[in-house]
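Here is a friendly walk through the model shown below. Keep the viewer open as you read.

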Amino acid sequence: MLGHMTARVPLDVDLEDRLLYGLTPTRLAYLVVALVSGFALWSSPWAPTPIRAGAALLTIGIGAVASWGRWMGRSADLWLVDFILFSARSHQVTWNTSSLRWPQRKTAKQPPSAQPAETIVTAA
């Protein structure tokens, strides 16, 4: 009779590693990029202080939502990707050119008897 051997298999081998504050490397990158972008918006003199502060806080807030945000068990970045794919696949963009007026080309008038040149290519 053979001996019976038991083994434990870890159940979380397919999960991403958590680096800092429960964030995976991708989500940590979202936060770092948002923080650096917010700091760049704040420190550059492109607008008055209240506008720069609002833009910086909005950028950092978007990064925080992208990093930690979850709704119905799915992360915010996956919701964004799904929304973009749904919008791209369910809407068709067509150009309405009927209202455009193209300029008329001026062509040289040919005499009515002139025939266009014709080239015939045959193989032997």
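## Contacts and overall make-up

Among the contacts in the chain with a separation of 6 or more, 35% join residues 24 or more positions apart; contact means heavy atoms within 4.5 Å. This is a predicted model, in which local features need pLDDT of at least 70 and side-chain atom pairs count only at pLDDT 80 or more, while totals for chains, interfaces and linings use all residues. Residues are numbered from 1 along each chain as its sequence is written, and side-chain values use heavy atoms, with hydrogens and water left out.

The chain has three helices and two strands, in the order α-α-β-β-α along the sequence. Helices (H or I, at least four residues) and strands (E, at least two) are DSSP runs numbered from the N terminus. Of the 124 residues, 13% are buried, where buried is under 20% relative accessible area, exposed is over 50% and partly exposed lies in between (1.4 Å probe, protein chains only).

## The α1 and α2 pair

How do α1 and α2 pack? Helix α1 (residues 25-43) and helix α2 (residues 49-68) meet at an angle of about 180 degrees, with axes 8 Å apart. Axes are lines fitted to C-alpha atoms over the stretch in contact, and angles run from 0 to 180 degrees between N-to-C directions. The two helices are therefore roughly antiparallel, a label for angles over 145 degrees. Residues in the contact include Tyr30, Leu41 and Trp42 of α1 and Ile60, Ala64 and Trp68 of α2. By class, this contact has 13 nonpolar, seven polar and two charged residues; Ala, Val, Leu, Ile, Met, Phe, Trp, Tyr, Cys and Pro count as nonpolar, Asp, Glu, Lys and Arg as charged, and the others, Gly among them, as polar.

Gly61 belongs to helix α2 and is partly exposed, at 30% relative accessible area. Gly61 and Ala34 are 27 residues apart in sequence, with 8.0 Å between their C-alpha atoms.

## The largest pocket and Thr24

The largest pocket holds about 230 Å³ of space. Of its 10 lining residues, Arg18, Gly22, Thr24, Arg27 and Arg70 are the closest to the centre. The lining has three nonpolar, three polar and four charged residues. A pocket here is an open set of points on a 1 Å grid where a 1.4 Å probe fits, with protein on both sides within 12 Å along at least five of seven lines, and lining residues have an atom within 4 Å of a point.

Thr24 sits in the segment before α1 and is buried, at 5% relative accessibility. Beyond its neighbours within four places in sequence, Thr24 is in contact with Glu16, Asp17 and Arg18.

Notes:
Angles under 35 degrees count as roughly parallel, over 145 as roughly antiparallel, 65 to 115 as roughly perpendicular and the rest as oblique. Grid points are joined across faces, edges and corners, and a volume is the space filled by probe spheres set on the points.
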